[in-house]
Amino acid sequence: LLKDIFTSCVFDYCADPSTTCDSYVAFEGVCAENGVPVPSVVDACGVCFGNGDSCGVTCRAYGDPHYMTFDGMTHHWQGPCEYVLAKDCRKSEDPARNVFEVQVRNTDPYSSGVTVTMGVAIFVPMMGVIELHRGGMANHKLNGAAMPSLPIMDGLGNKIEQAGSGVKVTIGLDIQAVVHWNGGSSVSVRLLPGSALIGSTCGLCGDSDSSASNDGAHVSQQKHWLVTDDALFNPPKACKAVDHVDTPSPCDKNDALKAQAERHCSKLKTHPGYATCRDKLSDE
């Protein structure tokens, strides 16, 4: 099993080298499933090798793509369309209520059979639609127009700012959320302590009710979260939903990249914090 996880990690790295420690989340999930929980290299804030300070709940999408729900369940979906990652699903008597929502655009950019996150669209109440695309600031949009210079603040607690090679969007009001995209294949949605959305979300990130046991039923119907009529991206992507996508290894034609990926993933076999789990899992 450890050998399979290592192979999957190398595959993900070759698909998108911008993934740093994201591949380790899946390994940690397998350890927990096998009764050997290990210290995570990703803290509750979604920060690699962070200090784990309390900061609400975080959902992550990474790699090709994998998803970790707000409640900590890891699942995988290779769909090549646009999907609801997280959404405010509180019941409202006003059907026209503008609600916070995050959609992701998954694409197979190299016709390799591997889909990755190519864009993130966020609806921020009182601010509008933010579109983040690969390629940097020149490709980002705010309400359909070119993104103005950052940072942008509106006095309601909403803020768009540069964060390394990516962008961080902070949502105020009672939403109290932070969306971070690294400009590559990793996007996180964090609900801060006191967010009115905790326990009332839907999408591939799950329902944030502090119970991972019911996330499987919530996220398993991935096509249910396919974006159809209410796309935030403008224009939306035309595509067909699929049940399965074959995924040939992106390492096959690039020996140098494969070697680099194997070095990156080697900590699965050497990281001291994983020692007890490695003893449990078999390399056969």
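I started with β12 and β13, which pair in the antiparallel sense over five bridges. Strands (E, at least two residues) and helices (H or I, at least four) are DSSP runs, numbered from the N terminus.

**Ground rules.** The model is predicted: local features need pLDDT of at least 70, side-chain atom pairs count only at pLDDT 80 or more, and totals for chains, interfaces and linings use all residues. Residues are numbered from 1 along each chain as its sequence is written, and side-chain values use heavy atoms, with hydrogens and water left out.

**Entry: β12 and its partners.** I looked up the bridge partner of Ile171 in β13 and found Ala177. The hairpin of β12 and β13 has five residues between the strands. I then turned to β11 (residues 159–163), which pairs with β12 in the antiparallel sense, also over five bridges. Ile160 stands opposite Val169 in β12. Two residues lie between the strands in the hairpin of β11 and β12. There, Gly164 takes a positive phi near 65 degrees.

Is β12 enclosed or open? I checked burial for this one. Buried means under 20% relative accessible area, exposed means over 50%, and partly exposed is in between (1.4 Å probe, protein chains only). Five of the six residues of β12 are buried, so the strand is largely enclosed by the rest of the structure.

Entry: I noted the background first. Most residues other than glycine have a negative phi, and most peptide bonds are trans. Leu173 has a positive phi, near 50 degrees. Leu173 lies in the loop between β12 (166–171) and β13 (177–181). Leu173 counts as partly exposed because its relative accessibility is 40%.

Ser210 also came up, with a positive phi near 70 degrees. Ser210 sits in the loop between β15 and α3. Its relative accessible area is 69%, so Ser210 is exposed.

**Entry: cis peptide bonds.** I looked up omega next. The bond joining Leu150 and Pro151 is cis, with omega about 5 degrees. Pro151 is in the loop between β9 and β10 (152–153). The bond from Asn234 to Pro235 is cis as well, with omega near 5 degrees. Pro235 lies in the loop between α3 (215–219) and α4 (255–265).

**Entry: the seven-stranded sheet.** I traced an open sheet with the order β9-β8-β7-β6-β5-β4-β15 and antiparallel pairing. Which strands are at the edges? They are β9 (145–146) and β15 (201–202), each pairing on one side only. For β9, I looked at the neighbour β8 (residues 141–142): the two pair in the antiparallel sense over two bridges. Ala145 in β9 is the bridge partner of Leu142.

**Entry: Asn106.** I picked this residue from strand β5 (residues 101–107). Asn106 counts as buried because its relative accessibility is 0%. What does its side chain reach? I looked for polar contacts, meaning pairs of N or O atoms within 3.5 Å; within protein, one must be able to donate a hydrogen and the other to accept it, and residues adjacent in sequence count only if both atoms are side-chain atoms. One of 3.1 Å joins the side chains of Asn106 and Tyr67. The side chain of Asn106 also reaches the backbone oxygen of Gly79 at 3.4 Å.

I listed contacts too (heavy atoms within 4.5 Å). Leaving aside neighbours within four places in sequence, Asn106 touches residues including Pro65, Pro80, Cys81, Tyr83, Thr115 and Lys237.

**Entry: rings and charges.** I searched the whole structure for aromatic pairs and found zero. Rings of Phe, Tyr and Trp (its six-membered ring) pair if their centres lie within 6.5 Å; planes under 30 degrees apart count as stacked, over 60 as edge-to-face and the rest as tilted.

A charge sits over a ring if NZ of Lys or CZ of Arg is within 6 Å of the ring centre and within 35 degrees of the ring normal. The charged end of Arg105 sits over the ring of Phe233, 4.4 Å from its centre. Lys269 lies over the face of Phe6, at 4.1 Å from the ring centre.

**Entry: totals.** The protein chain has six helices and 15 strands. Of its 284 residues, 49% are buried. Among contacts between residues at least 6 apart in sequence, 54% join residues at least 24 apart.

Conventions
Two strands pair if DSSP finds at least two bridges between them.
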